[in-house]
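Work through the exercises below with the sequence and the structure in view. Each task is followed by a solution in steps.

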Amino acid sequence: MTPETTDAAAGRAATSLLTDQYELTMLQAALRDGTAMRASVFETFARRLPDGRRYGVTAGTGRLLDALAGFRFGEAELADLRERRIVDDVTLAWLADYRFSGDIWGYAEGEVYFPGSPLVIVEAPFAEAVVLETLVLSILNHDSAIAAAASRMTAAADDRPCIEMGSRRTHEWAAVAAARAAYVAGFATTSNLEAGRRYGVPTAGTSAHAFTLLHDDERAAFQSQVDALGVGTTLLVDTYDVPTAVALAVEVAGPELGGVRLDSGDLLQQAREVRAQLDSLGATKTRIVVTSDLDEFAIAGLQAGPVDGYGVGTQLVTGSGAPTAGLVYKLVARENAAGELQAVAKKSKDKASVGGRKYALRRRDSRGVAEAELIGIGRPPVDDGDDRTLLVPLIRDGERVFHGDLADARERHAASRAELPPTAAQLSRGEPVIPTIYQS
């Protein structure tokens with residue numbers, strides 16, 4: 001497992017130091033000047049989508065709620081902060097009793113989003129909310145980036161399954177989170193066993209070229225794999241000569257061979273040739289799976305061929321050019337001297353924010369097709385009868401109230417993406433598929 005300490009009382013891994021020191025710097029100053037317990041509203045949103053993307057995908061919400069449950073400062077964390085003189089004794093004493101007591105609202109996992117969408121809203125005293133910034137952003141920025149890339153890939157693949165196989169191309173624990181996020185966005189399986197154990201993501205795997213090279217010849221390698229795994233296995237056929245390997249594969253496994261995998265060369269042309277060869281050998285139901293640095297554009301191009309599935313690695317786990325979703329966590333309202341919530345906002349050039357507690361609706365036409373993201377400031381937008389409320393309660397009075405699972409998130413994403421206009425599936429550069437409209 002990763003290096004971690006444990007909140008013994010709760011029996012879960014402590015996540016409180018997965019944070020940025022400036023959060024504790026602000027906490028210490030706020031405790032000193034008396035503003036720490038002012039009621040506050042923090043909001044997580046994206047100012048813009050990655051260049052050319054038509055929509056974003058909310059992912060990591062379940063992981064975030066699990067991480068918040070372990071956000072405690074136990075003896076080990078406090079001792080470390082004390083030894084390194086990160087904060088003073090007053091702040092240490094406050095952290096020792098830290099328990100989030102506020103409310104958190106958000107877009108449910110799997111939901112698509114657009115610039116300005118309030119993906120997470122944290123309502124709590126400033127001190128309780130400010131220390132959550134890095135935890136919220138580190139999880140949601142990563143998982144949402146992977147899910148957005150995965151969604152583009154599964155949309156391009158249409159009903160042909162995509163297999164997540166990027167574990168060897170990223171940090172070992174990022175690989176687990178990436179497999180989970182990809183599954184939310186429609187990937188069928190992952191090669192990552194920890195994602196299967198921890199999150200229940202279906203797993204699959206075949207063999208590498210090393211297995212073929214281990215044996216004296218290709219026939220021996222194929223025979224060994226079939227003997228061990230049965231004729232339904234998928235054999236890698238491009239270690240040497242593809243036509244020769246395909247013929248051997250069918251000879252060894254028979255026409256009921258489950259699949260062959262292509263990992264190099266002109267995949268579209270090879271798939272066509274292999275399909276014709278398999279059919280001529282009577283293996284008409286044998287699937288063709290292709291791999292080799294695929295992204296959504298390559299998948300779209302391969303749709304013209306007889307490809308039955310796509311194995312995607314590097315491009316998926318790096319966000320296919322957008323490794324972060326660009327989400328930020330900003331204070332948008334705080335208690336004033338009269339005890340009322342007052343909207344606040346940054347006015348910085350190119351980084352301005354919109355103040356006020358937000359509410360969100362997806363405006364839809366009479367056919368259920370999305371037309372706009374409506375963001376109400378200070379009050380809910382007006383529902384014209386066909387709209388859909390987007391924010392759901394995640395935590396109320398410090399207690400988790402949202403318990404949706406991965407199956408729910410996966411189903412939600414499919415439905416959410418399906419209600420977008422058809423142009424959402426276009427891979428050419430363009431603006432968000434629907435506009436964001438603020439109402440006050």
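**Exercise 1. In what order do the four strands of the open sheet run, and which are the edge strands?**

Step 1. The open sheet has the order β18-β16-β17-β21, with mixed pairing. Strands are DSSP runs of E with at least two residues, helices are runs of H or I with at least four residues, and both are numbered from the N terminus. Two strands pair if DSSP finds at least two bridges between them.

Step 2. β18 (388-389) and β21 (436-439) each pair on one side only, which makes them the edge strands.

Step 3. Inside the sheet, β16 (residues 358-364) runs antiparallel to β17 (residues 370-377), and seven bridges join the two. R362 stands opposite E373 in β17.

The model is predicted: local features need pLDDT of at least 70, side-chain atom pairs count only at pLDDT 80 or more, and totals for chains, interfaces and linings use all residues. Residues are numbered from 1 along each chain as its sequence is written, and side-chain values use heavy atoms, with hydrogens and water left out.

**Exercise 2. Describe the aromatic pair of F73 and Y98.**

Step 1. Rings of Phe, Tyr and Trp (its six-membered ring) pair if their centres lie within 6.5 Å; planes under 30 degrees apart are stacked, over 60 edge-to-face, and the rest tilted. This rule gives six aromatic pairs.

Step 2. F73 and Y98 are edge-to-face, at 6.3 Å centre to centre and with 85° between the planes.

Step 3. The two residues are 25 residues apart and link distant parts of the chain: F73 is in the loop between α2 (61-69) and α3 (75-83), Y98 in the loop between α4 (89-96) and β5 (103-107).

Step 4. Buried means under 20% relative accessible area, exposed over 50%, and partly exposed in between (1.4 Å probe, protein chains only). F73 is buried because its relative accessible area is 4%, and Y98 is buried because its value is 2%.

Step 5. F73 and Y98 belong to one aromatic cluster together with F71 and W94.

**Exercise 3. How many helices and strands does the chain have?**

Step 1. The chain has 15 helices and 21 strands.

Step 2. Of its 440 residues, 50% count as buried.
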